[in-house]
Amino acid sequence: MLTANVYWKRFLNVLRPAYTPPTRHALSTHLLDREFNRVQAKVKQTIDKADCISIISDGWSNVRGQGIINYIVTTPQPVFYKSTDTKDNRHTGPYIADELKAVINDIGPEKAFALVTDNAANMKVAWAHVKETYPHITTIGCAAHALNLYLKDIMALNTMNTLYKTAKQVVKYVKGKQVASAIYLSKQKEKNKNTTLKLPSITRWGGVVIMYNSLLEGKESLQEMAISQTAAIESVIKRILLDDVFWERVTSSLRILKPIAAAIAKIEGDNAILSDVKCLFAELKEEIQTVLPTSLLLQAEESALVKSLEKRQEFCVKPIHAAAYMLDPKYEKSILPVEEISSAYTVITAMSHHLGLDEGKVLGSLAKYRTKQGLWEWDGIWQSCQHISASTWWKGLCGSEALAPVASIILQIPPISAASERNWSLFGNTHTKVCNRLTNARVEKLVTIRANLRLFESDTEPSSTSLDSDTEDESESDIEEADMEDLDEVQEEAIET
């Protein structure tokens, strides 16, 4: 629609009076197709050059309620490969498995090494079908998804849930009352604070940490507002705000929740690798055990919290994570028990066999790596791993070793499906309620172009089209500020904005 905007036309005319911009029809038909084909050619070229491909997949319902499944491939850079309209097909495990196998066959099974998804039951069924056809492909649960579910488990505990409802009641009251909100903001301004009260997202439990932090940062202003005659705060809210036990519980809860939210933030991102997950869960377990003795949870709730962490870790930590930790040069301190070391050897041996390598030479190379012999005697080679990615370290500095091909592949596999989630943000911002007549085929072309334009950028130049992160930041910011009780209302607010 921009092509019909009078100011846009005038702008182009000032730049070059002789230029006639394309019509809306031309842009949405043959010009769109031409650009889509150009981008797809670059995608194919990128995939062909990659020596290790991982496939990330997730399902979504568009603005018309139609089922869409997207497929991201990592090279290791995430690339939007395609999306499929499931039409009248149900999202069953066998159906998803058939679609995944079609993608694997298109890409080339010999270079596909991992499949990363969430923990939905149909995805787990699809895992089994894919593994049956391609035994060398490792199926991995998204670590960020597992940690979000862990937060959800914690918030379901009675003590935590009661506090959550109370805190949310306070935030909703202050934000919903004009006078109370104005007095609170004026008190914050007097203290040179710009923080506002924030409500959590209904899909990301890490938002609870944001809400609790906003309450603590505004505690003094909230208490001054509560005793203000002008504000006329309801007695229930006033009693909560002036209750020291409430604030003590918020602080105590944050000591439990903050390490988990920090772990999610650390693992989310395209640079995360499998070895980070192993280290992250070990650190998280240690932090949780440290804060539990001083928490306000009941003993049964503490036990449930520890068991939940083990359950979530079991979903997303596999033997390949132990192998990745063993092969990552930045983790010199071993935290692997004997059984995990053995499972790591099994993974390395199996991958050596799949790659057609001499398994004896690979394990011999592994022995020298672990004991810092031969190439790895030099301190400088270990210092260099702090400045480059682990896979580049193996390919660039240790490429002559028999272990290098195996290590570089394992250390290119992503531990999360966040790239797929960010891709849905692009879909949501493209196929909106205002543009709900777009066909799914045209939406796919628009998203493909926008998501993959960065492939044309030079590696030596700064990125100028960080469209994924821009979109993600905007949507999260809107969600933080909005009351997420009704998702439709949030979408409408986003459109109006």
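**Helix 8 against helix 10**

Helix 8 passes helix 10 in a right-handed crossing; that term means the near helix is turned clockwise from the far one by less than a right angle. Helices here are DSSP runs of H or I, at least four residues, and strands are E runs of at least two, numbered from the N terminus.

A word on the source. This is a predicted model, where local features need pLDDT of at least 70, side-chain atom pairs count only at pLDDT 80 or more, and totals for chains, interfaces and linings use all residues. Residues are numbered from 1 along each chain as its sequence is written, and side-chain values use heavy atoms, with hydrogens and water left out.

Back to the pair. Helix 8 covers residues 178-190 and helix 10 covers residues 219-226. They pack at about 135°, axes 9 Å apart.

Who touches whom? Helix 8 brings Ala 180, Ile 183, Tyr 184, Lys 187 and Gln 188. Helix 10 brings Ser 221, Leu 222, Glu 224 and Met 225. Contact means heavy atoms within 4.5 Å. The residues divide into 5 nonpolar, 2 polar and 2 charged.

Now the whole chain. It has 24 helices and 5 strands. The C-alpha atoms fill a box of roughly 80 × 70 × 50 Å along the principal axes. Buried residues, those under 20% relative accessible area (1.4 Å probe, protein chains only), make up 46% of the 497. Take contacts between residues at least 6 apart in sequence: 70% join residues at least 24 apart.

Notes
Axes fitted to C-alpha atoms, helices over the stretch in contact; angles between N-to-C directions. Nonpolar A, V, L, I, M, F, W, Y, C, P; charged D, E, K, R; others polar. Buried < 20%, exposed > 50% of the residue type's maximum accessible area, 1.4 Å probe, protein only.
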